[in-house]
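Biologist: I am new to this structure. Could you take me through it step by step?

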Amino acid sequence: SFILSHSPHLIFQQAANQPDSSIISKTANDIWNNNINHKNLIWLKWCNKPQQHDACKLTLAGNSEAMLSCSFSPDGKSMICASRDRTLKIYDVSSGTEKATLIGHTN
């Protein structure tokens with residue numbers, strides 16, 4: 001929601017990324033197919049997108065401001081996230097448990 005609140009033009013793309021059978025995806029596709037004013041818009045059509053809705057698996061909490069970037073460790077077991085609150089947090093991917101917090105990074 002943070003990204004969409006700061007980049008509302010991505011809402012259409014997010015709707016189009018939903019499974020084809022969802023009403024929101026159908027509506028986005030109808031708008032795209034029937035709107036001649038979209039020539040200057042960029043839309044990435046996801047050809048092999050999942051057709052089942054997949055609920056959120058994990059919510060990471062503990063930052064006082066938005067997370068700006070995340071990256072997985074080479075073994076895929078840990079993830080590090082940089083936040084606008086000047087912290088780097090390392091999480092266990094399978095449980096979401098915070099393993100460490102590093103304070104004071106800058107952009």
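**Salt bridges, a helix and strands**

Modeller: Let us begin with Lys89, which is buried, its relative accessible area being 8%. Buried means under 20% relative accessible area, exposed means over 50%, and partly exposed lies in between (1.4 Å probe, protein chains only). This is a predicted model, in which local features need pLDDT of at least 70 and side-chain atom pairs count only at pLDDT 80 or more, while totals for chains, interfaces and linings use all residues. Residues are numbered from 1 along each chain as its sequence is written, and side-chain values use heavy atoms, with hydrogens and water left out.

Biologist: Which side chain meets Lys89 in a salt bridge?

Modeller: That of Glu98, at 3.4 Å from N to O. A salt bridge here is a side-chain nitrogen of Lys or Arg within 4 Å of a carboxyl oxygen of Asp or Glu. Glu98 is partly exposed, with a relative accessible area of 37%.

Biologist: How many salt bridges does the count come to by this rule?

Modeller: The count is two. Asp20 and Lys49 form a salt bridge in which the closest N and O atoms are 2.9 Å apart. This pair links distant parts of the chain, 29 residues apart: Asp20 is in the loop between α2 (11-16) and α3 (23-34), and Lys49 is in the loop between α3 and β1 (67-72). Helices (H or I, at least four residues) and strands (E, at least two) are DSSP runs, numbered from the N terminus.

Biologist: Is Lys49 buried or exposed?

Modeller: Lys49 is buried, with a relative accessible area of 8%, whereas Asp20 is partly exposed at 40%.

Biologist: What else does Lys49 touch, leaving aside its neighbours within four places in sequence?

Modeller: Lys49 is in contact with Ala16, Asn17, Gln18, Asp20 and Ser25. Contact means heavy atoms within 4.5 Å.

Biologist: Turning to α3, which of its residues are buried?

Modeller: They are Ser25, Ala28, Asn29 and Trp32. Viewed down the axis of α3, these buried residues fall within an arc of 95°, so they line one face of the helix. The arc is that of the directions from the helix axis to the C-beta atoms.

Biologist: What do the buried residues of α3 pack against?

Modeller: They pack against α2. On the other side of α3, Ile23 and Asn34 are exposed.

Biologist: What span should the twelve residues of α3 have?

Modeller: At 1.5 Å a residue they should span 16 Å, and the end C-alpha atoms of α3 are 16 Å apart, which agrees. The expected span is 1.5 Å times one less than the number of residues in the helix.

Biologist: Now the strands, please. How do β1 and β2 run?

Modeller: They run antiparallel, joined by five bridges. Two strands pair if DSSP finds at least two bridges between them. Ser69 stands opposite Ala82 in β2. The two strands form a hairpin with five residues between them, and Gly76 in the turn has a positive phi of about 75°.

Biologist: What about β2 and β3?

Modeller: Five bridges join β2 to strand β3 (residues 87-92), and the two run antiparallel. Met79 stands opposite Tyr91 in β3. Their hairpin has three residues between the strands, with Arg86 in the turn having a positive phi of about 70°.

Biologist: Why is strand β2 largely enclosed by the rest of the structure?

Modeller: Strand β2 (residues 78-83) is largely enclosed because five of its six residues are buried.
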